[in-house]
Amino acid sequence: MTRGRLMGSVALVVACMVARDSLERTMWLQMLVQIPVLIAAGVLASRAISPERPWLGRWNRQGMSGLVLAAGGVACWMIPRLLDAAVEHLVVDLLKALSLWAVGVVGALSW
């Protein structure tokens with residue numbers, strides 16, 4: 001079951017990267033479609049991780065540090081200048097996909 005969730009998560013991220021030109025045509029498509037799909041991919045992947053891991057419990061007591069990190073990650077990608085940089089440079093777009101995926105993982109484990 002966990003392998004299927006991880007594969008589904010990877011499929012969502014790959015789909016976002018394949019449809020990059022269409023999703024990044026306008027800023028509202030990035031903010032209302034691409035970003036939530038990347039976060040949902042991270043949430044799906046988080047189901048494969050047990051929240052009772054010792055390192056996670058020490059770092060993320062009661063979920064507050066993870067939720068603050070997730071909120072900061074989403075807030076960064078709401079800056080229009082960063083979204084424009086993601087459209088212009090593939091490396092920035094890959095960093096966006098990876099960081100938003102991580103936001104989904106951390107946010108789901110913290111909630």
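**Exercise 1.** Is Lys-96 buried or exposed, and what is its relative accessible area?

*Solution.* The model is a predicted one. Step 1: the cut-off for a buried residue is under 20% relative accessible area. Step 2: Lys-96 has a relative accessible area of 0%. Step 3: Lys-96 is therefore buried.

**Exercise 2.** Find the partners of Lys-96 in salt bridges, and state where they lie in the chain.

*Solution.* Step 1: the rule asks for a side-chain nitrogen of Lys or Arg within 4 Å of a carboxyl oxygen of Asp or Glu. Step 2: between Lys-96 and Glu-24 the N to O distance is 3.1 Å, and the two side chains form a salt bridge. Lys-96 belongs to helix α7 (residues 90–110), while Glu-24 sits in the loop between α2 (20–23) and α3 (27–46), so this pair ties together parts that are 72 residues apart in sequence. Step 3: Asp-93 also forms a salt bridge with Lys-96, at 3.4 Å from N to O. Here both residues lie in helix α7, 3 residues apart, about one turn of the helix. Asp-93 has a relative accessible area of 0% and is buried.

**Exercise 3.** Which residues are linked with Lys-96 in a network of salt bridges?

*Solution.* Step 1: Glu-24 forms a salt bridge with Arg-20, and their closest N and O atoms are 3.4 Å apart. Step 2: check the burial of this pair against the cut-off of 20%. Arg-20 has a relative accessible area of 15% and is buried; Glu-24, at 7%, is buried too. Step 3: join the pairs. Arg-20, Glu-24, Asp-93 and Lys-96 make up one network. In the whole structure there are 4 salt bridges. As background, side chains of opposite charge can pair when their charged atoms come close.

**Exercise 4.** Describe the chain as a whole: what elements does it hold, and how does its radius of gyration agree with that of a compact globule?

*Solution.* Step 1: count the elements. The chain has 7 helices and 0 strands. Step 2: compare the radius of gyration. For 111 residues a compact globule would have a value near 13 Å, and the chain has 14 Å, which agrees. The C-alpha trace spans about 40 × 30 × 20 Å along its principal axes. Step 4: look at burial and contacts. Buried residues account for 32% of the 111 residues. Of the contacts between residues at least 6 apart in sequence, 73% join residues at least 24 apart.

How values were computed. Residues numbered from 1 in each chain as written. Predicted model: local features only at pLDDT ≥ 70, side-chain atom pairs only at ≥ 80, totals over all residues. Heavy atoms only, no water. Buried < 20%, exposed > 50% of the residue type's maximum accessible area, 1.4 Å probe, protein only. Helix = DSSP H or I, 4+ residues; strand = E, 2+ residues; numbered from the N terminus. Rg over C-alpha atoms; globule rule 2.2 N^0.38 Å. Contact = heavy atoms within 4.5 Å.
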